[in-house]
Amino acid sequence: MKLIYSFSGKEKELLRKYRDKYDSIMIPANIGIHFRVPTSELISKSGKPFFVDPMTDRLVIPLSAISKKDSKSKEERLKLSFQKLIKEYGCTKILEENKPLDIKDFSDDNFKRRFLRRIIRFQANLGNDISASQISLREYDTILGRKSQHSYGREPFWYIPPYFYFESLTDPWYQLTVEFAKLAKRIYPSLRLCPILSMSKDALDRKIAIGILEDLREFDTYIIFVNDFDERKESLSTIKSLAYFIKLLTEGGKQVYLKHSGGFFALLLYYFGLEGIIIGVDVGEHKNIFTPTTGGGGGSLYIPKLHIRISRAEAKLLYQDNPELRCKCNVCNEKWKDANGDPLKFVDSFDDFSVKAHFVEIRTKEKELIENGDINSTLMMLKNEKEIAEFRNIALYSKRLRSLDYFDKWIKLLEDLISL
Ligand SMILES: [Zn+2]
């Protein structure tokens, strides 16, 4: 299974240092344009393959999702990173009228083509410090569909056509997503294009999977994003819907990647054919595109045996009473040694960098565990972990641990697959 980390502008050193712990990097376009220097340094110095998420779904939903309060005037303002992106994409109408793009804007064929071209060009150029003349040479090559004679520096391994959030197959934003994917394929036949499907939980059904396979049959890879999917709080039926949705697509011959937040659950979908996960480094476990992001994990610590992040204060108490729950990744082993096995000193010794380093280390271990073990051994592991958690009364240590339902749902999901 492939592990792809989403860059937030802050993990340049981390992703460089741990370059052998993951497969590739996703750069959200607004991050790429706002943190231009760290982004190009990350791309050139990590040497890892990358692609750019054009973030176009954010341009057609209420702007509050990409705004934040100005610290001085207290007024809601579009985030600077998105202001830059909107200019780059040539849709300054958003800024002038202070409202998102409307489906009607896309009825103009010229606007549509220009929008697509700018978005593809942005992705092509992000990894390079190449001059404008080279850009047009490259475009010329691409338009002619010929393999380039020129060396352009680093290029993304996928290009993502514009995409939008949808709730059904009849949703005009779904139809526009399909239209853009096909148009991109026609205009840029030599590029490796991978559509993103940014969708509602309610759209996770069989009919829609079959519709997508039909509509996007000329593509061999899809990225799925399910809005506001919370791996611990969703009902068993929603969790199953996602797993079987992915299974259907992969059985239809597609390589499917899941753009998830930071949770463990996505790894379990390996057994349903998932090709890879795209996650943030130590961010919350779910994401809603309609609400603004507030930043990272706030220094909480990922507890691998519970598959959850809790605050460092909570982690101290948890580890004090239950040292056997401690993580044994390289970062943690070293820190444990330095702290002479004192759980308080141990937790105190984490800074932002090591919190994330621990996350990257342990996520790789978890991935390998799932790949190398079979579904039965993973099932046993989850059952064991839940038993220990109950026996140890871990609900006492954090509000987030009050319900261990999520273990039951994940266990039932795997049992369901085994029983097929
Ligand atoms: Zn660790």
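Which residues of β7 point one way, and which the other way? Ile 196 and Ser 198 point to one side of the strand, Leu 197 and Met 199 point to the other, and all are buried. Here a residue is buried if 20 or more other C-beta atoms lie within 10 Å of its own, exposed if 12 or fewer, and partly exposed in between, with C-beta atoms placed from the backbone. In a regular strand the side chains alternate between the two faces of the sheet.

Before going further, a word on what you are looking at. This is a predicted model, in which local features need pLDDT of at least 70 and side-chain atom pairs count only at pLDDT 80 or more, while totals for chains, interfaces and linings use all residues. Residues are numbered from 1 along each chain as its sequence is written. Helices (H or I, at least four residues) and strands (E, at least two) are DSSP runs, numbered from the N terminus.

Two parallel bridges link β6 and β7, and Phe 166 has Met 199 as its bridge partner in β7. On to the next pair: β7 (residues 196-199) and β8 are parallel over four bridges, and Leu 197 stands opposite Ile 224 in β8.

Now follow the sheet through β8 to β10. Five of the six residues of β8 are buried, so β8 is largely enclosed by the rest of the structure. For β10, five of the five residues are buried, so this strand too is largely enclosed by the rest of the structure. Gly 276, Ile 278 and Gly 280 point one way from β10, while Ile 277 and Ile 279 point the other way. Strands β9 and β10 run parallel and are joined by three bridges, with Leu 258 opposite Ile 277 in β10.

Two residues are in contact if their C-beta atoms, placed from the backbone, lie within 7 Å. By that rule, and not counting residues up to four places away in sequence, Ile 224 touches Leu 197, Ile 246, Val 256, Leu 258 and Lys 259.

Ile 224, Ile 246 and Leu 258 turn up again in the largest nonpolar core, among the residues with the most contacts inside it. A nonpolar core is a set of buried Ala, Val, Leu, Ile, Met, Phe, Trp, Tyr and Cys residues joined through C-beta atoms within 7 Å. This core has 123 residues, and its largest share, eight residues, comes from α10. It draws at least three residues from each of domain 1 (2-280) and domain 2 (301-418), whose bounds come from an automatic or database domain assignment.

The C-alpha centres of domain 1 and domain 2 lie 31 Å apart. Their contact takes 19 residues from domain 1 and 21 residues from domain 2. On the side of domain 1 that touches domain 2, α10 and α11 (265-268) are the elements that give two or more residues, and α10 supplies the largest share, four residues.

Finally, some loops. Ser 168 sits between β6 and α8 (172-187) and is partly exposed, with 15 other C-beta atoms within 10 Å. Ser 168 and Ala 203 are 35 residues apart in sequence, yet 5.7 Å apart in space, C-alpha to C-alpha. Lys 74, in the loop between β4 (67-69) and β5 (76-78), has a positive phi of about 65° although it is not a glycine. Most residues other than glycine have a negative phi. Lys 74 counts as exposed, with 8 C-beta neighbours inside 10 Å.

Terms used:
Two strands pair if DSSP finds at least two bridges between them.
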